[in-house]
Structure formats: C-alpha cells, structure tokens
Amino acid sequence: MRRPGFLPAAALFLLTCVLVLYRIIWLGYPVFPVSEGQSWQLLVNVYITPKEEQSGLSLALPSEQTGYMVVEERVLSGMYAFYIHTQGSNRFGVWSGAGVDRPEEITYRATIHSRPRRGVPIQSPLLSPFPTAMSREEQSLAQAAAMKWQASAPMVRFRAVVAALKGNWGDSPPGDDRSRRWRVVQQKYDRTDAALALFRASSLPARAAEGLRLAEEVQTLPTKWIEVWVDRSWVHLNPETWEVYPSSAALLPLAVGGFPAVRATGGELSDIRWTLNRQVLSQWKLFYEQITRSAHFLDRWSLLQLPQEFQGTFRILLLVPIGALIISILRNVVGFPTFGIFMPMLIALAFRSTGTVYGVAIFCGVLLVGYAARSFLDKLHLLLVPRLSVILTLVIACFTLLALVGNKLGLRELMAVGLIPFVILTMTIERFFILIEESGIWEAFRAAIGSVAVAVIAYGLISWETLQFAFFVYPELILTVAALQILLGRYTGYRLSELYRFRFLKGSS
Amino acid sequence: MILDGFRRLRKSGVLGMNFRNAGYIMAYNARSAYPLVDDKVQTKRLAEKFGIPIPELYYVVENHGSIAKLPGVLEPLGEFVVKPARGSGGSGIILIKGRTEDGFVTQSGKTMSKEDFNYHIASILSGIFSLEGGEDTAIIEALIHPDAVFKDVTYREGVPDVRIIVYKGVPVMAMVRLPTEASDGKANLHRGAIGAGIDLSSGITLAAVHKSRIVKTHPDTGNPVNGIQLPHWDKLLMTASEAMDMTGLGYLGADFVLDRERGPVLLELNARPGLAIQMANQSGLRIRLDETDSAPPAVFSSPASRVAWARDHFTGPDSSTLISSGG
Ligand SMILES: Nc1ncnc2c1ncn2[C@@H]1O[C@H](COP(=O)(O)OP(=O)(O)O)[C@@H](O)[C@H]1O
Ligand SMILES: [Mg+2]
C-alpha cells in the first residue's frame, strides 16, 4: 500500500534536488537567504509649492558608486517631468515642469543595500581644488600653516589637521605667525570650506558630503560631513564637532563634492522628509542583476526575469501549494474542521492587504451580519440562487461601509476589505447557516474557528519572506511540496481528533 | 503520548477516517457505482429489480415545472414522506402524517402551509440538501409505520432505522438508530439520535452511543436500550448482503426500516458509511474487516453463506476485544 505513492514522491524530490544543486553549484546561487550588510527602505516625501511659471526640484538620490547598491526604485512625480541626471558619482533626480500652479507632492522610494567592501575605488582620488572663493594668498597661507606636518604619513597628517581644526596647533617655532594668520583667514569661511582648504593644503583628498544618518527615523534636514581619504579609505568627519564618525556605515551619502542634497527652483519647499526603515532583504534578491544578464538556461528561465510587477504575484503563488499542504495536514492528520477545502487559503491571501487582526475581525463580523440576514431571509422563502445573490449584495454592502468607515478613520486595512474574496464569504455564510441549522451552533463555530485558524497559519507562512525568496529563486521546490502532498495522500493512520472521538470506546482509552 | 493513543486505537481495531477512505472506500467502491447509491431514486429502481422491499415510490418531482402537478399527485395520499433524492444525514426530509384544509401536518404535529410545502420542494430541487450542491430531485414516498419493537425506546412518532455495514458482501457490524426529541424524529446520529449496537449473531441490541458517549437508556423515555431482539434479523442480514451484489460496492452501509406489516424495507444505501457505529458496538471495525479478509473463499459464494459466516464470527463487543488482545 505504501509503494505506489512513494515512487513518484521520491522522483519529484530527486528532481528538486538536481535542479537546486545545479543552480547552486553551476550557477553559483546562494544557499542561505541571509546576506551580510544591511538593507534599508528609503522614502523621500517632498512638498513643493510653485512660485514661478517654471518650477522644479533637484533631489540627490542614493547611487551605486558610493558603496551602496540600489536594488529597486520607484518615483511618483505628480505633474512634473522626471529624469535622472548623473554628475560624477552623484545622481540627481530632477523634476521640472511649466505651469504647475498647485502644491505638488513628490515621492521617491528605494531599497538600498550596503555592500561593505564594494564600491570603494582602489586608486586614491585626486586632490580636489581649493574652495573657489579662496584667494591665492589665502591658499598659500593654508599651505604654509600645514607645512609642519607636510612630510608625515597621511594618518598623522589627518590627525594633525583635525587637532588644528579643534584649535590645537601645537608648538610652532617662535616668530612664526603663519598659522595664526591662517586662523584669521579661516574665520571668513564656513567650517567646511576652511577644513577642506586645510586638508587640500595637507595633500589629503577631501570632499564635502550631504546625506542621511542610517537609522530608523524621519529626517527633515540632510546631515553634512567631510570625507577625507586616509590610508585607502574615506574617513568621515563631523564638521560641527570635528569628531570622526566611528563607522562609515552609519551614514548614507547622497551628494558628495559640495552639491546640495535638495534644491527647489522657481518654487518653495514646503516640507521634505527622508524616512529610513531597516529591511530584511535576502541576498537572493541581490542576485537579480546577475541573473538577468546571465545566458544560462535556468537563469534565462528564472522568475527573476519577469517584469517586476508580475514577480510579486509569483512570490505568493509559489507558496500557495505549501498552504494547501498545511490544510491537508490539518484536515487529514489533525482532523481540523474547515468550511470548504481551500477557502482558508483564499482568506489568507486577503489577509495580506488587511492584516490578520483586521482580517479576522472583518471575517467574523461579516459572517455574523450575514448569518443574521440569512436567518431573516429564511422566512422569506427565497429560491437558492436569488437568496445567495441577496447575501452577496449584503457582503458587498458591508465591504463598502467598512471601506467608507476606514477612510474616515484613516485605516487602510479597512479600505483593503475589497480584496477579501466575497464569493467565498457568501458561500461561507450560507454553509455556516446550514451547519447551525443541521448540526447545531457548536459544530458551526468549530468549523468557523477552524477555518480562521487555518487561514492565520497559512497567512503566517506566505508572508514569511525568506520562504518567499527561497521558492522564488528555486521554484522547483514546489515539486518537493507536491511530493509531500502525495505522501500525505497515502497517510492512512488515525487523525488526532479521533483520539477524542473514540475516547469512550472500550480498550482504546 | 499521541503515538500511544494511536497505538491503543490500533490495538482495539478502531477504523479511522483516513484508512476508511483509502483502504476501503477508494479500494473497493468503484466511482461508477456511486450514482446508484447517491441518488435514492436509482437505488429504489435497482432494489425493485432485485425484489428488495422499499417504501413505495409515489412520485418524483424532477423540475420546478412539475411542482404544479403535485396537488393532483398528493390528492389521494393521506400520509407520505418528502425527501431530497441526493440528500444525506436526514436533511430536507419531512414526514407528513395528515392534512388540513390548506396544508399538511408533519410527524412532530406542526402544520405546514401548502406554500411552505412548495417552497420546500423548490429548495430541494435547487440542490441545497444535495451532496455536492448540484441540481436535485424530490422524492414523494410512502410513510413507513415502524414495528412496535422499539416503541419504548423511540421518541414519540420517530422512525428508527437499522444500519448494517457490509464488507465484500459480509455483514460486519450493525446498529439500530433510535430517534430522540433532539433528532426531530429522524434516525440520524449527528442530529442527536442514539445508536445501539447489535450483536450480529443474535440480533439483540447492546448499549448505545449518544453524542459519542455510552448510554444504557433512552434519553427521552428512560427505558433501557439494550437486550431488545430485532425481528426478521436473518432477513435483514440477507438483504444487506444482497446489496453488494446489487451495486457492486465492496464497502457499504445499508439502512433499513422495520415496517409494521412488511418487515424490513430498504431506505437507502451508503457508499461512505460513518464510523460512529464502532462506538455503538463498543468494538473496532478494523478487526472485523481484517477477519473478513482472511475468511475462506467459499464463504463469499452466496448471501446465505456470507450471513451464516458473519453470524458465526461477529458476536457482541466482548469477543472482539478478546480478538484484539489476542492479535
Ligand atoms: N419513508 C419513510 N418513512 C418513515 N421514516 C422515514 C422514511 N424515510 C426516511 N425516514 C426517516 O428519515 C431518516 C433518514 O432517511 P434516509 O432515507 O436514510 O435519508 P438520509 O440519506 O438523509 O439519511 C430515517 O432514518 C428515518 O428515520
Ligand atoms: Mg440515512
């Protein structure tokens, strides 16, 4: 009795192993979904109030070159035209338009992955020129002030400059007032320009940078710092305190080389917010680039080749078989009662937009309202199809009401109610009613609770990102799921619930 | 602990749902035979062909159009039963025992207007009581007056029925289902009827199961349910055994009602009989099924030999427990 199911299951399992191993060994896919480095979700909201006929905005965007990889970007530009302008290692999003007369909201969204070692140039960068506003004499004064440490190693020079910026010039030969004269000049310029001049004078490549603190918070002003090239890497210096940032990973550079991170033209920035959120991002997603360019057969046939907008669907669809497997287990091994076989799975899919708490509440609420209406309809003696239509109408009415209430309260979860499969809900109401009539309230509630529990479990499963990526990158894994389903189909043992059911049978307890 | 529980169930020979489905229903019941038992009209036609007594079939309402013809059909009938041809678990069944000027009187004494009655027929036709929810037909058949033997353990006018599980033509387990107040006069266990096991060799009732608990008396009448000798016992077993030849189903449940005058009449056949019968009999089906599997081939030659063998081998619950502890 075991054999016939075992063979196809084993074959499916083997096929999965072969395909997965092929991908790992020949195509170099990652085995584990965790990646080093961090991923962040960046959201920039800009509100601009146009003041002139021609208005626009230039916003520094995170770029690939600075040790960060931008995985996906999305831009909402309102009435403006949008293009990306690259300038050195900077990228600027430029929004512009004529005749925009209302305040506009512009949003930019990106997923950024920090790659600890990548993106750092091997060659040291060129020395940048002195700040343009500085005169020749002032430049030579700076050079003279830096003379003392000019011959030392870069790290020593850097420390000396930082100490000098803090006001500690060390001993100077008596009668040498060059550093004092420089200090007078220094007052004329802002702290950053002064520091850049001194680094230049000390032959240390340095540049001004604007960006964000990498922390889960909302920032309304970009952070400014100075990057100095010391011993083959950039050191980040805080121009307010002249302290060195302990780790460069704490900052996300947006614009380097003295460019402003944001600038409005012909209008006024009424509000700007940068929101950063940590994100669990699988390393596999980072393989996207590599896979899309590959010529290998399985690479070309990878789901990662699908246009972005369809990928999301498949991330979920590929997990539906697991959900079905769970349902089979709960029904055949545990003995869970549910309404319909796959109904909980469909409800679980809807939970993705409503969330579990609201999802369960909406489900139960509509079920109860539906039950009340169904009890009333029973007295009217309607025929089956018109009766189901009335319940369907009621369900839609409930949805509409919930969405309107959600809108008033600002609850997106309630507005997403329309994604709950209403036909399924209608049939569930009918079944619920019949079950109460025929087998009693207890039986009906058991089935309702069973269904909701299975839906919540299935939802937990399909929203598990690691699993999503695993199945997305290795879709052949569903063959193994099928194998498990076949094996489960051959399970002829007792159900857990039967322990309870037959508890009064002689000799069995 | 769970595995221990499973082991105990296995040891007492309990048949679980999964094994029933895979090991017996799927293995011995051909899909093609299902319509014969899922549709009570077909079962009736078949039984008539084999000379098996059934409640007389008055009329089959095939579609909404023929509801209009009903008054003419029902005119000469004082009492009758309406049921969905593809129903199960007693749903949609109405026993009519009399009529008033503008309606009918049901078994429980309630009156039902003609309009309600027609609505009920329409509901049956639209399939809400049917197994798969598809279109259905409504059966109008004779009301059976049950034998008085179970009078003391039946709620009022309820009609008890006898369920016999038949495996490869051998009756392996039986019970009588006694209506209670809760079950609305119908003999379906999940509606609250009680099921009393029957000693297969003698046809005498054992203790009963009521909502998965063991009871010795009827919950409404308080009379003991055990020790009642079923009349026509051999005839019941023989008819049940013939049901296999009739349908080709290797594993089935046959439901009978004992008519006051005619004796056993076949109500319906079931290709997926439930498992509660094991509790009514306080013994597991697996043991008896396995024993049947190892019976000598000669046993299966005729209904008579199968029944004789069964009556020899399957006695009350005690002997099966004995078998289980031995093997
Ligand atoms: N013709 C009848 N006369 C009297 N009682 C009946 C009749 N038909 C059905 N019943 C009652 O209804 C119950 C269920 O009937 P049955 O035909 O077995 O339908 P189901 O498939 O829904 O179980 C029987 O156990 C019996 O109590
Ligand atoms: Mg029945």
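Helices (H or I, at least four residues) and strands (E, at least two) are DSSP runs, numbered from the N terminus. With that in hand, the overall picture can be drawn. This is a predicted model, where local features need pLDDT of at least 70 and side-chain atom pairs count only at pLDDT 80 or more, while totals for chains, interfaces and linings use all residues. Residues are numbered from 1 along each chain as its sequence is written, chains are lettered from A and ligands numbered from 1 in the order in which they are written, and side-chain values use heavy atoms, with hydrogens and water left out.

Chain A holds 18 helices and 13 strands. Of its 509 residues, 44% count as buried (buried means under 20% relative accessible area, exposed over 50%, partly exposed in between, with a 1.4 Å probe and protein chains only). Now for contacts, meaning heavy atoms within 4.5 Å: among those in chain A between residues at least 6 apart in sequence, 76% join residues at least 24 apart.

Helix H6 (residues 283-293) of chain A comes out lowest, with a mean of 59, and helix H17 (residues 477-489) of chain A highest, at 93.

Helix H5 (residues 191-201) of chain A is mostly covered, with 8 of its 11 residues buried. Among them are A:Leu196, A:Leu198 and A:Phe199. The buried residues of H5(A) pack against several elements of chain A, including helix H2 (136-145), helix H3 (154-165) and strand E7 (206-213). Just after H5(A), A:Ser203 takes a positive phi of about 60°.

Strand E7 of chain A is also where A:Glu210 is found. Is A:Glu210 buried or exposed? A:Glu210 counts as buried because its relative accessibility is 11%. A polar atom of the A:Glu210 side chain lies 2.9 Å from the backbone nitrogen of A:Ala261. Leaving aside neighbours within four places in sequence, A:Glu210 is in contact with residues including A:Trp225, A:Pro253 and A:Phe259.

A:Arg91 lies in strand E5 (residues 90-98) of chain A and is buried, with a relative accessible area of 15%. The side chains of A:Arg91 and A:Glu73 are joined by a polar contact of 2.8 Å.

Over in chain B, an oxygen atom of ligand 1 is 2.5 Å from a polar backbone atom of B:Gly90, and a nitrogen atom of ligand 1 is 2.8 Å from an N or O atom in the side chain of B:Glu141.

Notes: Polar contact = N/O pair within 3.5 Å; in protein donor to acceptor, adjacent residues only side chain to side chain. pLDDT = per-residue confidence, 0-100.
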